[in-house]
Amino acid sequence: MKKKPLNLLILEDNPDDAELVVKQLEREGFTVEWRRVETENAFREGLKKNPDLILADYIVPSFGGIDALKIKEKVAPDIPLIMVSGKIGEEIAVECVKFGATDYVLKDKLFRLGTVVKRAFEEVEVYRARKKAKEKLKEYQEHLEELVKERTSELKNTLRKLEKEVGERKKAESLIREQNERLKELDRMKSEFLSTAAHELRTPLTSIVGFSEILLKRKLDEERSNRFLRIINEESVSLAGLINDLLDVSRIESGKGFKIKKAPTDLRGIILENVDLFKSQTDKHTFKVDVPDGLAKIELDKDKIDQVMENLLSNAVKFSPQGGRITVSVEEARDELKITVADTGMGIPEKDLPHIFEKFYRVEAASIQAIGGTGLGLGIARYIVESHGGKISVESEQGKGSTFSFTLPTKPAKTRGGRRIS
């Protein structure tokens with residue numbers, strides 16, 4: 001496949017110098033399509049052609065490199081600009097970088113040009129990735145705002161219907177007060193969730209961008225490079241998990257895209273794989289597993305039930321920060337299995353227990369809020385379990401730990417005329 005030519009815009013009043021720059025790039029393996037300009041109007045026209053790279057002489061009669069930088073930053077900030085000049089001191093170099101130059105090369109050291117150009121494209125990739133990530137965060141926030149706005153609109157419509165239908169003024173006023181309180185609570189939860197989600201997304205993203213910039217711009221020994229890459233990988237996994245939770249909630253809310261695909265599956269294998277995974281990630285906790293041998297395969301969506309187990313085990317570890325015992329067990333009944341994950345951690349305040357599986361709900365206790373999280377995982381887990389025909393529940397005492405349990409039917413549901421018979 002033929003390599004795409006480098007589309008180059010050169011601000012230079014000396015045609016010979018422009019030719020030298022192009023020949024140097026060609027010697028270093030670049031295929032170049034270029035255009036030389038030396039006035040402001042010609043430079044602005046050149047920007048409209050969307051060049052891949054700008055090379056600018058610091059001093060051009062009536063229109064120099066700094067002028068070009070100021071225009072470029074307003075019109076096309078993501079196009080790299082390298083200053084190429086006969087003489088440029090340290091103070092001028094700093095000034096150029098301050099105004100947005102990617103780098104600079106002296107005309108008597110054009111042998112550096114190829115290396116500088118390659119580094120400029122690496123830096124512009126980082127810039128574009130950061131810009132794309134910011135746009136993606138904004139897109140998620142706008143989508144979440146829209147979801148909350150829709151729910152608020154539904155509640156307001158309900159309120160209007162109640163005002164019209166309720167005949168007795170006292171009863172109507174009571175219902176109106178309840179709805180108003182619910183609207184205030186929803187607004188509070190919306191604001192808190194958006195703030196939490198933005199923080200949870202920004203934290204790993206900041207590490208990814210920061211450490212990747214260091215790797216791109218500095219020469220590091222192998223040990224530090226590997227350590228930074230491990231951090232980037234871990235934060236990427238964390239960011240992917242948060243985004244997947246947000247997408248799952250979006251699919252559940254819209255009723256599209258979140259499908260349950262059942263097949264005969266070894267539940268024991270799912271449980272043991274998840275326990276082994278979390279064992280390898282903590283040395284503060286001990287795990288006890290009580291799963292009967294010879295469990296028959298049951299109809300379930302392996303990936304979705306794996307997601308439920310991962311969420312419950314993650315919470316058990318996360319909310320027992322001092323360590324402790326985590327017990328995973330399975331009980332067999334006539335037509336269902338009961339899976340339990342118990343910990344000896346912080347526990348949940350009694351007033352929060354009725355709401356713990358609600359989407360966006362986060363426990364208000366300061367010690368629990370300090371651990372972080374968006375409050376989406378348990379809501380998604382409940383949807384998955386109920387979509388399998390099961391139920392999920394929790395028992396907890398603050399300071400003594402929590403026990404989460406969910407059931408899965410061992411036999412396919414009977415249907416009559418396309419409807420489930422309970």
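Reader: Are Phe43 and Phe63 buried or exposed?
Author: This is a predicted model: local features need pLDDT of at least 70, side-chain atom pairs count only at pLDDT 80 or more, and totals for chains, interfaces and linings use all residues. Residues are numbered from 1 along each chain as its sequence is written, and side-chain values use heavy atoms, leaving out hydrogens and water. Buried means under 20% relative accessible area, exposed over 50%, and partly exposed in between (1.4 Å probe, protein chains only). Phe43 and Phe63 are both buried.

Reader: How many aromatic pairs does a search of the whole structure find?
Author: Rings of Phe, Tyr and Trp (its six-membered ring) pair if their centres lie within 6.5 Å; planes under 30 degrees apart count as stacked, over 60 as edge-to-face, and the rest as tilted. By that rule, the number of aromatic pairs in the whole structure is two.

Reader: What kind of pair do Phe43 and Phe63 make?
Author: Their ring centres are 5.7 Å apart. Their planes stand at 50°, so the pair is tilted.

Reader: How many residues apart are Phe43 and Phe63?
Author: Helices (H or I, at least four residues) and strands (E, at least two) are DSSP runs, numbered from the N terminus. Phe43 lies in helix α2 (residues 40–48). Phe63 lies in the loop between β3 (53–56) and α3 (65–75). The pair links distant parts of the chain, and the spacing is 20 residues.

Reader: What kind of pair do Phe357 and Phe404 make?
Author: The centres of these rings are 6.1 Å apart. The planes are at 90°, so the pair is edge-to-face.

Reader: How far apart in sequence are the parts that Phe357 and Phe404 tie together?
Author: Phe357 sits in the loop between β10 (336–343) and α10 (366–369). Phe404 belongs to strand β12 (residues 401–409), so the parts tied together are apart by 47 residues.

Reader: How many salt bridges does the structure hold?
Author: Side chains of opposite charge can pair when their charged atoms come close. A salt bridge here is a side-chain nitrogen of Lys or Arg within 4 Å of a carboxyl oxygen of Asp or Glu. The number of salt bridges in the structure is 11.

Reader: Which residue forms a salt bridge with Arg44?
Author: The closest N and O atoms of this bridge are 3.1 Å apart. Both residues lie in helix α2, four residues apart, about one turn of the helix. Arg44 is partly exposed at 36%. The partner of Arg44 is Glu40.

Reader: Is Lys72 buried or exposed?
Author: Lys72 forms a salt bridge with Glu73, with the closest N and O atoms 2.6 Å apart. Glu73 is partly exposed, at 32% relative accessibility. Lys72 has a relative accessible area of 1%, so it counts as buried.

Reader: How far apart are the closest N and O atoms in the salt bridge of Arg36 with Glu38?
Author: Arg36 is partly exposed, with a relative accessible area of 29%. Glu38 is partly exposed as well, at 34%. The closest N and O atoms of this bridge are separated by 2.9 Å.

Reader: What is the relative accessibility of Ala381?
Author: Ala381 is placed in helix α11 (residues 377–387). Buried residues of α11 include Gly377, Leu378, Ile380 and Ala381. Ala381 counts as buried because its relative accessibility is 2%.

Reader: What separates the C-alpha atoms of Ile326 and Thr403?
Author: Ile326 lies in strand β9 (residues 324–332). Ile326 is buried, with a relative accessible area of 0%. Ile326 and Thr403 are 77 residues apart along the chain, and their C-alpha atoms are separated by 9.6 Å.

Reader: What is the phi of Asn50 near?
Author: Most residues other than glycine have a negative phi. Asn50 lies in the loop between α2 and β3. Asn50 is exposed, with a relative accessible area of 52%. Its phi is positive, near 55°.
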